[in-house]
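Keep the structure open beside you as you go through the steps.

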Number of protein chains: 2
Amino acid sequence: MNKIAKSLVAGLTLTAIAGTALAQVIGKTEDQIRWRQSAYHTMAWSMGRIKANVEGTYNKDQVVEAANVIQAIANSKMGYLYQPGSDKGKGWKETRLKSAFFTDKETLGKVAGNFGQQANDMAKVAAGGDAAAVKAQFGKLGEACKGCHDKFREEE
Amino acid sequence: MNKIAKSLVAGLTLTAIAGTALAQVIGKTEDQIRWRQSAYHTMAWSMGRIKANVEGTYNKDQVVEAANVIQAIANSKMGYLYQPGSDKGKGWKETRLKSAFFTDKETLGKVAGNFGQQANDMAKVAAGGDAAAVKAQFGKLGEACKGCHDKFREEE
């Protein structure tokens, strides 16, 4: 399990952060869900920007900007926003989190770790500016997103 | 006007991006508003994390992670998400954007430029790890956020 996966899994219980300043800003369940949904939608916009660049006219700056957003969010310990019970509730909309998120920590560690790795690699490859390499890495990153959705997100 | 302000203002008309891949991902007005609201809420969570650290127990990693998210979003040319007419409409909720956003470009350039500068400085200061300096910079960044809200966001 890499550093990102560890921090995500570690963030899953309030116990793990008792006594830290962060406990103050985890907020209520609905706050956690709204912040989660906001972060994923921000990453979705960024994924859309990268996709448009690899499928159309390539602009290095746009890809770097978008990849940096995804990398920063992927490294921001979003696990804190998955407190027990937050598989039920409404942020901007009802959460689609499956309760398996709280029980299947082995799978969670794998998919979260893979996402963090692919997000970091995406930022590196974007900085390199090779459109073909970016396209390939974008595919890997998309698969990493899907890996988590398949396991832990309910269908709409 | 610094680079961020220029890119924001430049992103305000579709003309400026005609022919680029990005035009494909600006989406409809409601998409722009939802993506905007998502990005601001993601930054709000990050601001809350920094605040909790400067007011409570200081954890350098948490502050760096949060500052990096704000910096990445601040540099992601969110101006593209402010197409003409997007002062009316609903993303996650009704937009509070004032129509002055589209007419008072001089003020917009100033407040956007200041925000970009303070966000970049926040990330630098966070990396330095000096809690007192972070607290001071957090104040400046908060003022930069407020500068735009005061001018271009309707009260709730």
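## Exercise 1: Helix lengths

Helix α5 of chain B (residues 105-128) is built from 24 residues, and its first and last C-alpha atoms lie 34 Å apart, close to the 34 Å expected at 1.5 Å a residue. Now work out what span the 24 residues of α4(A) should have at 1.5 Å a residue, and compare that with its end C-alpha atoms.

**Solution.** Begin with the rule: the expected span is 1.5 Å times one less than the number of residues. For the 24 residues of α4(A) this should come to 34 Å, and the end C-alpha atoms are 34 Å apart, so the two values agree. Next, look just past each helix. A:Gly129 follows α4(A) and has a positive phi, near 85 degrees. In chain B, α5(B) is followed by B:Gly129, whose phi is positive too, near 85 degrees.

## Exercise 2: Confidence

This is a predicted model, and confidence deserves a check. Find the average pLDDT of chain A and the share of its residues that score at least 70.

**Solution.** Chain A averages 89, with 85% of its residues at 70 or more. Then turn to residues 10-19 of chain A, where the pLDDT is below 50; this stretch has 20 contacts in the model beyond near neighbours in sequence. For the complex, the predictor gives an ipTM of 0.89 and a pTM of 0.90.

## Exercise 3: A helix pair in chain A

Determine how helix α4 (residues 105-128) and helix α5 (residues 131-152) of chain A are oriented to each other.

**Solution.** First, take the geometry: the axes come within 9 Å and cross at roughly 160 degrees. Angles over 145 degrees count as roughly antiparallel, so α4(A) is roughly antiparallel to α5(A). The crossing of α4(A) past α5(A) is left-handed. Then list the partners: A:Val111, A:Phe115 and A:Met122 are among those from α4(A), while α5(A) contributes residues including A:Phe138, A:Leu141 and A:Cys145. Sorting the contact residues gives 15 nonpolar, five polar and three charged.

## Exercise 4: A helix pair in chain B

**Solution.** α3(B) passes α4(B) in a left-handed crossing. On the α3(B) side the contact includes B:Met43, B:Met47 and B:Ile50, and on the α4(B) side it includes B:Val63, B:Ala66 and B:Ile70. The contact residues split into 10 nonpolar, four polar and two charged.

## Exercise 5: Between the chains

Which residues of α3(A) and α4(B) meet, and how are they divided by type?

**Solution.** Helix α3 of chain A (residues 60-74) packs against α4(B) at an angle of about 165 degrees, with the axes 8 Å apart. This makes α3(A) roughly antiparallel to α4(B). Their crossing is left-handed. A:Asn68, A:Val69, A:Ala72 and A:Ile73 meet B:Asn68, B:Val69, B:Ala72 and B:Ile73. By type, the contact has six nonpolar residues, two polar and no charged.

Notes. Residues are numbered from 1 along each chain as its sequence is written. Chains are lettered from A and ligands numbered from 1 in the order in which they are written. This is a predicted model: local features need pLDDT of at least 70, side-chain atom pairs count only at pLDDT 80 or more; totals for chains, interfaces and linings use all residues. Side-chain values use heavy atoms; hydrogens and water are left out. pLDDT is the predictor's confidence in each residue, from 0 to 100. Contact means heavy atoms within 4.5 Å. Axes are lines fitted to C-alpha atoms, for helices over the stretch in contact, and angles run from 0 to 180 degrees between N-to-C directions. Helices (H or I, at least four residues) and strands (E, at least two) are DSSP runs, numbered from the N terminus. Angles under 35 degrees count as roughly parallel, over 145 as roughly antiparallel, 65 to 115 as roughly perpendicular and the rest as oblique. A crossing is left-handed if the near helix is turned anticlockwise from the far one by less than a right angle, and right-handed if clockwise. Ala, Val, Leu, Ile, Met, Phe, Trp, Tyr, Cys and Pro count as nonpolar, Asp, Glu, Lys and Arg as charged, and the others, Gly among them, as polar.
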